[in-house]
Amino acid sequence: MDLNTVEVVSMPTRRDELWPLGPCDAILAGGTWLFSEPQIGIRRLVDITGLGWQPITVSDNGVELAATCTLAELSGFSTTSAWPAAGLLHQCCTALLASFKIWATATVGGNICLSLPAGAMISLCAALDGTATVWRADGTEYTVSVAEFVTGEGTNTLTAGEILRSVHLPAAALRSRTAFRKLAPSPLGRSGVVVIGRRDTEQFVLTVTAATVRPYVLRFPAAPSKDAVHETLTSIPDDAWTRDAHGDPDWRQAVTHVLAEQIRAELA
């Protein structure tokens, strides 16, 4: 899509060159959504790929994913990493309705900031207790869990002038066993329900996305019973279930219970 209202494209190479950001400015990384439809109010694109962020940084504390890390880079890392949960990285990439061309440009940060229910990077990072680092214009920064960063369908905690810098996936979560389930109305359709389970020596974690307008992370001190999972899932508010062309709320709720039980049994 040609953005014929854009007058300027800037590419900062230092943090202090990012600002000021006005209401007619848009952050550009992969641009797979930005260029997919008209952006009538946009006059300037700020391309953050010139900042040169390392896509993936591994340490003893876990993995740091730059906001500009592409899905292709993330999927490739999943095949070379020794972390037990690394396979989940590729599985979540496949949950996106996207060709290999999109994988080469779409970014982790862009998917999270778009904050759609079917955001596969939201599913991944929420399930692995990901923590987002956000830059402010005054030179400060703050962190927030990805599960809390996304507040609703297309909404998040970012305020004017704030930039998502990276997401940290802690080592404790990456050492866990995981199980992944995704369902869509059609084989190549947008995710209607994504349920991810994670189990370690201290807890059992069940994460529901796509079926709900924001992530729901459900924690149990040990492997739960079928009834315990069912009861906890019913605590999700009725108005939290997604309603769109890809599935009604009652269908998403029913399928979530089925997939959650499959995961509980697999990880038990």
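Reader: What stands opposite Leu28 in β3?

Author: Asp47 does. This is a predicted model, where local features need pLDDT of at least 70, side-chain atom pairs count only at pLDDT 80 or more, and totals for chains, interfaces and linings use all residues. Residues are numbered from 1 along each chain as its sequence is written, and side-chain values use heavy atoms, with hydrogens and water left out.

Reader: How do you know that β2 and β3 pair?

Author: Two strands pair if DSSP finds at least two bridges between them. Here four bridges join β2 to β3 (residues 44-47), so they pair, and they run parallel. Strands themselves are DSSP runs (E, at least two residues; helices are H or I, at least four), numbered from the N terminus.

Reader: What makes β1 and β2 edge strands?

Author: The open sheet of three strands has the order β1-β3-β2, with parallel pairing. β1 (8-10) and β2 (25-28) each have a single partner strand, so one side of each has no neighbour in the sheet. Neighbouring strands here are turned by 20° against each other on average, direction ignored.

Reader: Which strands are at the edges of the sheet of four?

Author: That open sheet has the order β11-β12-β13-β14, with antiparallel pairing. β11 (177-183) and β14 (216-220) each pair on one side only, and they are the edge strands. β11 and β12 (residues 193-199) pair over seven bridges, and Lys182 stands opposite Val194 in β12.

Reader: Why are α2 and α5 called roughly antiparallel?

Author: α2 (residues 87-94) and α5 (residues 120-127) pack at an angle of about 155°, with their axes 8 Å apart. Angles over 145 degrees count as roughly antiparallel (under 35 is roughly parallel, 65 to 115 roughly perpendicular, the rest oblique). So α2 and α5 get the label roughly antiparallel. The axes are lines fitted to C-alpha atoms, for helices over the stretch in contact, and angles run from 0 to 180 degrees between N-to-C directions.

Reader: What makes a hole a cavity and not a pocket?

Author: On a 1 Å grid over the protein atoms alone, a cavity is a set of points where a 1.4 Å probe fits but cannot get out, while a pocket is an open set with protein on both sides within 12 Å along at least five of seven lines. Lining residues have an atom within 4 Å of a point. Grid points are joined across faces, edges and corners, and a volume is the space filled by probe spheres set on the points. A search of the whole structure finds one cavity of 30 Å³ or more, and the largest cavity has a volume of about 30 Å³. Its lining includes Leu116, Ile122 and Arg214.

Reader: Which residues are closest to the centre of the largest pocket?

Author: Of the 44 residues that line it, the closest are Trp33, Leu34, Gly110, Cys113 and Leu114. The pocket has a volume of about 1,400 Å³, and α4 gives the largest share of the lining, five residues.
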